[in-house]
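Please keep the sequence and the model in view while reading.

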Amino acid sequence: MTRNELVERQQAFHRAARGRMTPFLFVFIPMLAPLTVDSFRGVDVDRWGFWPEVAAFAALVAALATATIFVPRLEERRVRKFGLACPACGEALLGTTGEIAAVTGRCGNCGHRVVEPD
Ligand SMILES: [Zn+2]
């Protein structure tokens with residue numbers, strides 16, 4: 001790949017990442033609502049005890065555990081899909097590693113040439 005192709009792939013990767021964040025926020029932020037004090041006004045504590053809080057906390061822990069397990073796997077898959085994995089070491093050519101690759105043409109992790117020489 002050429003240097004321009006690398007930069008275009010990195011930009012496409014970041015554009016796609018921004019689009020996927022929105023649905024995540026629509027799911028995650030409402031999950032925090034039961035943890036606020038205002039949500040419990042009018043709730044009959046004698047009848048329900050603290051189960052709404054316990055259930056909200058359990059749902060939050062489950063969501064965080066799921067995210068911890070699946071997000072890195074999905075991220076790896078996306079990096080490969082965009083052709084941004086170093087062919088030698090598999091490191092994502094993003095962030096500092098990607099900037100080094102864009103400037104020097106070599107993987108910022110292992111030094112393998114990832115961009116065709118000009
Ligand atoms: Zn590498």
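In which helix is G98 found? G98 is found in helix α4. The model is predicted, and the sites below are read from it.

## Overall make-up

The protein chain has four helices and zero strands. Read from the N terminus, the order of elements is α-α-α-α. Of the 118 residues, 11% count as buried. Among contacts with a separation of 6 or more, 41% join residues 24 or more positions apart.

The mean pLDDT of the protein chain is 85, and 86% of its residues reach 70 or more. Among the elements, helix α2 (residues 45–48) has the lowest mean pLDDT, 69, while α4 has the highest, 94.

## Helix α3

Helix α3 covers residues 51–81, which makes 31 residues. At 1.5 Å a residue they should span 45 Å, and the end C-alpha atoms are 43 Å apart, so the two values agree. The helix does bend, by about 30 degrees, at F70. A proline, P72, follows within four residues of that point. Just after α3, G83 takes a positive phi of about 70 degrees.

How many of the 31 residues of α3 are buried? The count is zero, and the helix is hardly covered. L64 is found in this helix. L64 has 11 other C-beta atoms within 10 Å and is therefore exposed, the limit for that class being 12 or fewer. The C-alpha atoms of L64 and F28 are separated by 9.7 Å, and the two residues are 36 apart along the chain.

## The nonpolar core

Which residues make up the largest nonpolar core? There are nine: L6, L84, C86, L93, L94, A101, C107, V114 and V115. In soluble globular proteins, nonpolar side chains tend to be buried together.

Leaving aside neighbours within four places in sequence, L94 is in contact with Q10, F13 and L84.

Q10 is found in helix α1 (residues 3–32). Is Q10 buried or exposed? Q10 counts as buried because 20 C-beta neighbours lie inside 10 Å, and 20 or more is the requirement. Beyond its neighbours within four places in sequence, Q10 is in contact with L84, L94 and G98. Q10 and A102 are 92 residues apart along the chain, yet their C-alpha atoms are separated by 9.5 Å.

G98 has 23 C-beta neighbours inside 10 Å and so counts as buried. Not counting residues up to four places away in sequence, G98 touches Q10 and L93. From G98 to C86 the C-alpha distance is 9.7 Å, and the two are twelve residues apart in sequence.

## R106, after α4

R106 is found in the segment after α4 (95–104). Why is R106 classed as partly exposed? R106 has 16 other C-beta atoms within 10 Å, and this count falls between the limits of 12 for exposed and 20 for buried.

Leaving aside neighbours within four places in sequence, R106 is in contact with A101, G111, H112, R113 and V114.

Note on methods. Residues are numbered from 1 along each chain as its sequence is written. This is a predicted model: local features need pLDDT of at least 70, side-chain atom pairs count only at pLDDT 80 or more; totals for chains, interfaces and linings use all residues. Helices (H or I, at least four residues) and strands (E, at least two) are DSSP runs, numbered from the N terminus. The expected span of a helix is 1.5 Å times one less than its number of residues. The bend at a residue is the angle between axes fitted to the seven residues ending there and the seven starting there. A nonpolar core is a set of buried Ala, Val, Leu, Ile, Met, Phe, Trp, Tyr and Cys residues joined through C-beta atoms within 7 Å. Two residues are in contact if their C-beta atoms, placed from the backbone, lie within 7 Å. pLDDT is the predictor's confidence in each residue, from 0 to 100.
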